[in-house]
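Welcome! Here is a friendly walk through a structure that may be new to you. Have a look at it first, and then we will go through some of its features together.

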Amino acid sequence: MPGGAETVDPAHVHDLTALDAAVSACRACPRLVAWREEVAATKRAAFRDETYWGRPVPGFGAHDARLMIVGLAPAAHGGNRTGRIFTGDRSGDVLYAAMHAVGLASQPTAVAIGDGLEVYGTRLTAPVRCAPPANKPTPEERDRCRPWLARELALLRGAVRAVVVLGGWGWQALLPVLATPDPAGGHPGWVVPRPRPAFGHGVHVTLDAADPQAAAPLEVFGCYHVSQQNTFTGRLTPAMLEDVLARAAHAAGLDPTPPARRGD
Ligand code: SF4
């Protein structure tokens with residue numbers, strides 16, 4: 001379990017509200033705690049009048065989500081500033097614009113908690129909850145944070161049917177979580193083939209539950225990360241992102257209504 005004197009064991013948390021509160025207090029990774037707090041104290045000049053969140057960033061969205069979107073880790077001046085995942089940075093701008101375009105979000109922008117953003121049937125989360133230096137968590141930090149994601153998935157087991165994984169790093173981090181039974185005795189985990197399926201943009205694999213009586217199959221989609229490196233260079237275009245999101249939403253059994261159909 002993640003360490004730290006005031007950190008609870010995720011396996012003992014029984015609902016997502018409590019899990020979000022518990023992860024926000026985690027101090028298990030000394031390097032990441034120091035970095036997130038240093039960034040929060042020094043700030044970027046453009047945000048010098050704001051109070052940074054400076055803590056682990058919990059998942060965001062529906063508690064009965066049929067679709068999960070899994071990124072990498074919060075951005076130093078994005079989620080680490082605003083306290084909401086993919087909120088307040090360029091990556092989030094691209095992601096929520098695409099979610100809005102396919103009908104998964106109420107608005108195309110994500111500025112701050114309280115901005116009115118809602119997501120439909122979807123929960124966004126990350127394998128590492130603290131902003132890492134240079135956006136690069138270590139393997140040890142990834143592994144230490146894993147129980148939070150594992151428990152979040154377990155608490156969604158009755159509902160979740162599809163996952164979009166943003167980037168190869170998240171893909172590598174998520175597959176072992178999917179293959180592991182919930183230590184709290186809930187979800188049996190899904191069967192991940194060996195060798196593990198390779199990440200690629202648009203890749204789609206169906207994973208059967210280890211105990212098909214206990215859980216439904218999971219549809220897993222790969223998508224290039226919404227990093228500026230990918231979106232500025234055109235490696236990931238809005239159309240590519242919208243295509244994966246729409247396919248995953250359909251696989252999850254959601255029927256989102258794009259704004260064009262709503263007449264927005
Ligand atoms: S990265 Fe995860 S395990 Fe490490 S301090 Fe942050 S929330 Fe805790």
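This is a predicted model: local features need pLDDT of at least 70, side-chain atom pairs count only at pLDDT 80 or more; totals for chains, interfaces and linings use all residues.

For E6, both faces are covered. On one side sit Leu-218, Val-220 and Gly-222, and on the other Glu-219, Phe-221 and Cys-223, all of them buried.

Strand E4 (residues 162–166) runs parallel to E6 and is joined to it by five bridges. Strand E5 (residues 204–207) also pairs with E6, but in the antiparallel sense, over four bridges. In that pairing, Leu-207 stands opposite Leu-218.

**Strand E3 and its partners**

Strand E3 (residues 122–125) is covered on both faces as well. Thr-122 and Leu-124 lie on one side, Arg-123 and Thr-125 on the other, and all are buried. Strand E1 (residues 60–61) pairs with E3 in the antiparallel sense over two bridges, with Gly-61 opposite Arg-123. Strand E2 (residues 67–70) runs parallel to E3, and four bridges join them. Here Leu-67 has Thr-122 as its bridge partner.

The table below brings the strand pairs together.

| Strand pair | Direction | Bridges |
|---|---|---|
| E4 and E6 | parallel | five bridges |
| E5 and E6 | antiparallel | four bridges |
| E1 and E3 | antiparallel | two bridges |
| E2 and E3 | parallel | four bridges |

**Around the ligand**

How many residues surround the ligand? There are 16, and the closest are Cys-26, Cys-29, Pro-56, Cys-130 and Cys-145. Helix H2 (30–42) and helix H5 (139–155) are the elements that give two or more residues to this shell. H5 contributes the largest share, four residues. Sorted by class, the shell holds twelve nonpolar and four charged residues, and no polar ones.

**Helix H1 and its two sides**

Leu-16, Leu-19, Ala-22 and Val-23 are the buried residues in H1. These four cover an arc of only 120° around the axis, so they are on the same side of H1. Thr-17 and Ala-21, on the other side of H1, are exposed.

**Backbone details in the loops**

Some backbone features are worth a look too. The peptide bond from Arg-194 to Pro-195 is cis, with omega near -5°. Pro-195 is found in the loop between helix H6 (168–179) and E5.

Phe-86 is not a glycine, yet its phi is positive, at about 55°. Its place is the loop between helix H3 (79–82) and helix H4 (90–102). Asn-135 has a positive phi as well, near 55°, and is also a residue other than glycine. Asn-135 lies in the loop between E3 and H5.

Is each of these residues buried or partly exposed? Phe-86 has 26 other C-beta atoms within 10 Å, so Phe-86 is buried. Asn-135 has 17 C-beta neighbours inside 10 Å and therefore counts as partly exposed.

Conventions
Residues are numbered from 1 along each chain as its sequence is written. A residue is buried if 20 or more other C-beta atoms lie within 10 Å of its own, exposed if 12 or fewer, and partly exposed in between; C-beta atoms are placed from the backbone. Two strands pair if DSSP finds at least two bridges between them. A residue is near a molecule or strand if its C-beta atom, placed from the backbone, lies within 6 Å of it. Ala, Val, Leu, Ile, Met, Phe, Trp, Tyr, Cys and Pro count as nonpolar, Asp, Glu, Lys and Arg as charged, and the others, Gly among them, as polar. The arc is that of the directions from the helix axis to the C-beta atoms.
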